[in-house]
There are 2 protein chains.
Amino acid sequence: MSVIRGARQRARIEVTAAIKDEARRQLAAEGAARLSLRAVARELGMVSSALYRYFPSRDDLLTALIIDAYNALGEAAEAALAESKGVPPADRWRAVCQAVRRWALAHPHEYALIYGSPVPGYTAPRDTAAPAARVGRALLAVALDAQEDGELGEPADGPLPPGVRTDVERIAAELAADLPQPVIAGLTAAWSQLFGLVGFEVFGHFNNVVEARDEFFDHSCAALAHQVGLSSAHGTHGAHGRLLPRE
Amino acid sequence: MSVIRGARQRARIEVTAAIKDEARRQLAAEGAARLSLRAVARELGMVSSALYRYFPSRDDLLTALIIDAYNALGEAAEAALAESKGVPPADRWRAVCQAVRRWALAHPHEYALIYGSPVPGYTAPRDTAAPAARVGRALLAVALDAQEDGELGEPADGPLPPGVRTDVERIAAELAADLPQPVIAGLTAAWSQLFGLVGFEVFGHFNNVVEARDEFFDHSCAALAHQVGLSSAHGTHGAHGRLLPRE
DNA sequence: CAACAACGTGAGCAGTGCTCTTGCGAAGGC
DNA sequence: GCCTTCGCAAGAGCACTGCTCACGTTGTTG
């Protein structure tokens with residue numbers, strides 16, 4: 001299984017990786033719309049038709065890049081989660097959010113590929129589901145660890161509508177997350193709202209509106225943490241110097 | 001100025017409108033990526049090159065559609081604002097949010113055009129700024145009216161970071177909005193977070209996660225209203241039957 | 001009426017995704 | 001060791017795209 005069969009399969013793996021690398025380069029430079037199979041092949045010194053031995057279509061290449069992007073973003077979030085072990089839950093939350101934001105700002109076209117308009121066919125393949133869930137799982141882990149340490153309050157929202165309750169119960173069962181129902185609901189909302197904040201910044205909707213991007217994002221994330229039920233230690237509110245070094 | 005000069009100018013206006021209509025049709029049917037100048041010209045019974053007398057390039061056509069989409073969404077939000085005059089501020093807030101969501105779900109490709117990945121050139125023209133601001137202004141109007149009626153509380157967030165304060169002061173001056181600073185900050189965040197919620201639903205990120213979309217969105221919007229400082233009347237929480245008829 | 005500008009036409013260029021046939025060289029069974 | 005099979009690259013080609021340009025036609029205006 002994991003044994004390398006021969007020179008042929010090894011070459012195939014290498015060429016596939018080279019194609020993805022070059023495609024990612026063009027994606028980062030020009031955006032998904034400008035990504036061209038022929039240009040990738042040209043840069044790699046092969047004929048365009050040869051590329052179809054590795055990816056059945058342009059959309060399949062894009063799908064591969066989508067999965068890679070989800071994984072890269074997920075890794076960034078998980079790294080922030082691991083590094084912030086031990087700090088107060090609200091600060092951990094902000095650390096994970098900032099990691100997501102930083103990755104998005106550093107890779108705007110890849111971010112647009114996964115959280116912008118769904119371009120290939122308008123239906124995401126099944127393979128993207130698991131990588132796409134990694135950021136959400138990282139956010140959830142913050143809440144889980146906070147609960148373990150007894151630092152998780154319950155958000156004082158109104159009662160959950162019945163449909164939301166069944167959704168929340170299913171989510172709790174799937175992820176084996178033994179959290180209060182309002183926390184899971186708040187977490188789901190905060191998850192999407194985080195990408196609202198990040199998307200607005202990356203896509204330029206904050207131009208001429210918000211200039212102090214760093215501070216505004218951090219402040220808004222603190223509010224999100226509160227909404228989820230993560231108690232914030234007073235005083236550490238504006239001091240994100242140690243935890244989140246600038247660049 | 002407003003007098004119609006002759007048959008020629010009248011024809012120009014009509015043809016321009018016909019091109020935009022057909023383009024909008026193809027946009028709604030297939031998405032921005034599949035929109036083809038030649039197909040539009042073909043459908044209109046003219047030669048593709050003739051189309052360049054009206055729009056200098058494909059991107060210019062798309063820009064026109066973007067402005068139209070911003071205006072259509074803005075009108076939907078403003079209509080909800082006008083219709084909900086007199087109801088409690090939190091309910092008004094939810095009504096405007098639901099209007100935005102409904103328009104987005106009804107016009108997913110147009111929504112993707114304006115709030116998805118920025119496709120043309122990666123820099124939005126200046127003409128889009130004013131139409132793009134209409135939804136934000138509608139949300140702001142809810143807070144302004146609430147303040148007039150003395151129904152605006154102050155969100156109990158931490159103190160605003162200094163950079164955010166200057167941003168907020170500039171926004172308050174530009175829009176002549178005499179609101180508490182934390183309200184403006186919360187409003188800006190809620191504005192972007194609203195599009196996080198809507199975008200996740202339209203783009204399918206809630207698939208297999210949230211099924212009770214209507215209830216979840218309404219519940220989350222109530223939380224957003226609270227974050228802004230709009231006091232919600234208890235009891236009307238889950239009853240969105242009268243205010244927001246299903247379809 | 002004549003000059004001009006706006007407009008529609010068709011050919012053409014460079015580029016795209018994708019298919020198909022052809023030939024070559026490595027992998028594996030006898 | 002030979003031979004068959006299969007994976008792979010090459011090249012031609014199809015249908016399509018955005019866009020340009022020279023050419024007539026036609027409404028507008030001095």
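**Two protein chains and DNA strand D**

Helix 2 of chain B gives the largest share of the surface near DNA strand D, three residues. Near means that a heavy atom of the residue lies within 4 Å of the strand. Helices here are DSSP runs of H or I, at least four residues, numbered from the N terminus.

Some ground rules. This is a predicted model, where local features need pLDDT of at least 70, side-chain atom pairs count only at pLDDT 80 or more, and totals for chains, interfaces and linings use all residues. Residues are numbered from 1 along each chain as its sequence is written, chains are lettered from A in the order written, and side-chain values use heavy atoms, without hydrogens and water.

Back to the DNA. How many residues surround DNA strand D? There are 22, and the closest include B:Arg38 and B:Arg42. The surface holds eight nonpolar, six polar and eight charged residues. Asp, Glu, Lys and Arg count as charged.

Now the polar contacts, pairs of N or O atoms within 3.5 Å. B:Arg58 uses a polar backbone atom, 2.7 Å from a phosphate oxygen. A:Arg38 reaches a base oxygen, with a polar side-chain atom at 3.5 Å.

Last, the two chains. Chain B superposes on chain A by a rotation of 180 degrees with 0.0 Å of shift along the axis, RMSD 0.1 Å.

Notes. Copies are superposed by least squares on the C-alpha atoms of residues with pLDDT of at least 70 in both. A polar contact is a pair of N or O atoms within 3.5 Å; within protein, one must be able to donate a hydrogen and the other to accept it, and residues adjacent in sequence count only if both atoms are side-chain atoms.
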